[in-house]
Amino acid sequence: MTTTAATPHTTVAVWPGCAPRLLSEGVEDGASYLAGGGYRPVPDADEFLAEVDRSGLLGRGGAAFPLAVKLRSVRDAARRGRDTVVLANGEEGEPASVKDRWLLRNRPHLVLDGLRLAAAAVAADRAYVYVSDPTAANSVEHALAELDTKVLGGLTISVFTVDAGYVAGEETAAVRAINGGPAKPTDKPPRPYQQGIRRQPTLVSNVETLANLPYLHQHGAAAFRTVGTELSPGTFLATVTGGGLPPVLYELPHGIAVAELLGVHGISLKRVRGLLMGGYFAGLLNRDALETTLDHESLRAAGSGLGCGAMSVLTDDCPVAVAASVLAYFGRENAGQCGSCFNGTVAMAAVAEALRDGVAETEDVERMRRWAGVLPGRGACGTLDGATNVAASLLNRFPELVAGHLDGACDACRGGAFRAMRPYAVEEVTA
């Protein structure tokens with residue numbers, strides 16, 4: 001049989017006992033958002049920056065970089081007399097993630113309010129919402145049309161749409177696209193905060209990250225920290241796929257146990273063979289993951305990462321075959337600009353596919369192990385690092401399965417290996 005993505009329609013769910021900050025029922029409009037306290041008067045920039053710093057808000061796009069540091073870097077450029085720009089990055093490149101599309105489609109005013117606050121903090125009068133989903137783009141355009149110009153306080157916001165692609169959401173790819181080039185990454189430095197759109201210092205921030213700012217503005221850093229952990233405060237959006245169940249988008253407090261989440265999701269822990277973490281980027285985890293918690297520090301200590309918050313559960317699917325499909329995806333989706341990346345991803349995919357099909361040799365596996373050790377950091381973006389994470393995690397966390405495949409002994413793959421162009425992709429979003 002051929003295994004494809006789970007049922008594409010997704011539902012949303014909040015965690016018991018944790019009041020939602022980002023998810024809501026239905027699609028918001030401008031009037032209801034204003035009536036609920038949205039678009040409050042812009043705060044003093046220095047005071048708001050200090051509050052963001054105290055909150056410990058980390059980026060939700062994958063890297064978990066402190067937002068306050070990004071804001072200050074661009075704010076400092078404004079103080080030196082330079083014009084600045086803000087970009088809300090909603091080009092959700094990870095196929096297994098759906099959070100940003102959901103927010104843009106269902107809570108566009110929350111995102112725009114956060115973008116407005118970020119722009120005020122860095123003294124920007126120009127902002128962009130960068131997307132590849134046409135429905136999300138239409139939602140934001142409609143939301144902008146609902147707003148009185150006074151609400152934005154002189155801020156000009158444009159929606160910029162690109163073709164979807166794994167690399168298109170990388171921050172330098174977004175800047176390059178808006179500047180008139182292809183949506184492909186560029187070498188760093190300079191980074192966007194140094195020189196971005198129109199060569200101006202540019203804050204590039206993920207849509208979910210910005211969507212946290214209105215809550216922070218209204219309730220403050222202390223309230224923001226009432227859930228989550230010390231190093232990973234607040235809630236985050238987690239797209240959970242796999243296990244034969246429809247996708248669900250959860251809003252979770254950081255620190256929830258993986259086993260507890262899967263129990264609520266309805267998957268028997270006895271069936272779990274492993275997890276694909278952070279979309280595709282953070283690689284595979286084996287059953288040891290059931291003992292960890294969903295926060296940056298715990299997953300980093302486990303040699304993985306929370307990334308964009310997407311988590312795919314492996315039950316009947318063989319991790320070797322899943323890794324082969326993910327690596328093949330990286331081989332197709334890389335930007336084709338860095339030799340180490342487009343050669344390395346294709347080569348690792350070829351070994352993983354041969355291993356899945358029972359025709360790999362020990363020497364092939366050793367080559368993949370060597371590539372996974374020497375290739376990280378050699379590309380202009382994180383694509384090659386994501387591929388090496390998948391390869392290394394397969395070899396290190398599933399050695400018995402790898403050895404079994406070398407002997408042709410995998411019953412799961414013999415019965416019909418997992419094959420998917422976009423493993424665990426969530427194709428559609430419903431409220």
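Helices α15 and α17 are roughly parallel to each other, because their angle falls in the class under 35 degrees. This briefing covers that helix pair, a group of strands and a cluster of aromatic rings. The model is predicted, so local features need pLDDT of at least 70 and side-chain atom pairs count only at pLDDT 80 or more, while totals for chains, interfaces and linings use all residues. Residues are numbered from 1 along each chain as its sequence is written, and side-chain values use heavy atoms, without hydrogens and water.

**Helix packing**

- Helix α15 covers residues 339–356 and helix α17 covers residues 383–397; helices are DSSP runs (H or I, at least four residues) and strands are runs of E (at least two), numbered from the N terminus.
- The two helices pack at an angle of about 25°, with their axes 9 Å apart; axes are lines fitted to C-alpha atoms over the stretch in contact, and angles run from 0 to 180 degrees between N-to-C directions.
- Ser340, Cys341, Thr345 and Met348 of α15 are in contact (heavy atoms within 4.5 Å) with Thr383, Leu384, Ala387, Thr388 and Ala391 of α17.

**Strands**

- Strand β2 (residues 85–89) runs parallel to β3 and is joined to it by five bridges; strands pair if DSSP finds at least two bridges between them.
- Val85 has Arg126 in β3 as its bridge partner.
- Strands β3 and β4 also pair in the parallel sense, over six bridges, and Val131 stands opposite Thr161 in β4.
- Five of the six residues of β3 (residues 126–131) are buried, where buried means under 20% relative accessible area, exposed over 50% and partly exposed in between (1.4 Å probe, protein chains only).

**Aromatic rings**

- A search of the whole structure finds eight aromatic pairs; rings of Phe, Tyr and Trp (its six-membered ring) pair if their centres lie within 6.5 Å, with planes under 30 degrees apart counted as stacked, over 60 as edge-to-face and the rest as tilted.
- One of these pairs is Tyr166 with Tyr329, edge-to-face at 5.8 Å centre to centre and 85° between the planes.
- This pair links distant parts of the chain, 163 residues apart: Tyr166 is in the loop between β4 (156–161) and α8 (171–178), and Tyr329 is in helix α14 (residues 319–333).
- Tyr166 counts as buried because its relative accessibility is 11%, and Tyr329 counts as buried because its value is 4%.
- Tyr280 and Phe330 form an edge-to-face pair, 6.3 Å centre to centre with 85° between the planes.
- Tyr280 lies in the loop between β8 (274–277) and β9 (284–285) and Phe330 in helix α14, so the pair ties together parts that are 50 residues apart in sequence.
- Ring pairs link Tyr166, Tyr280, Tyr329 and Phe330 into a cluster.

Technical notes:
Angles under 35 degrees count as roughly parallel, over 145 as roughly antiparallel, 65 to 115 as roughly perpendicular and the rest as oblique.
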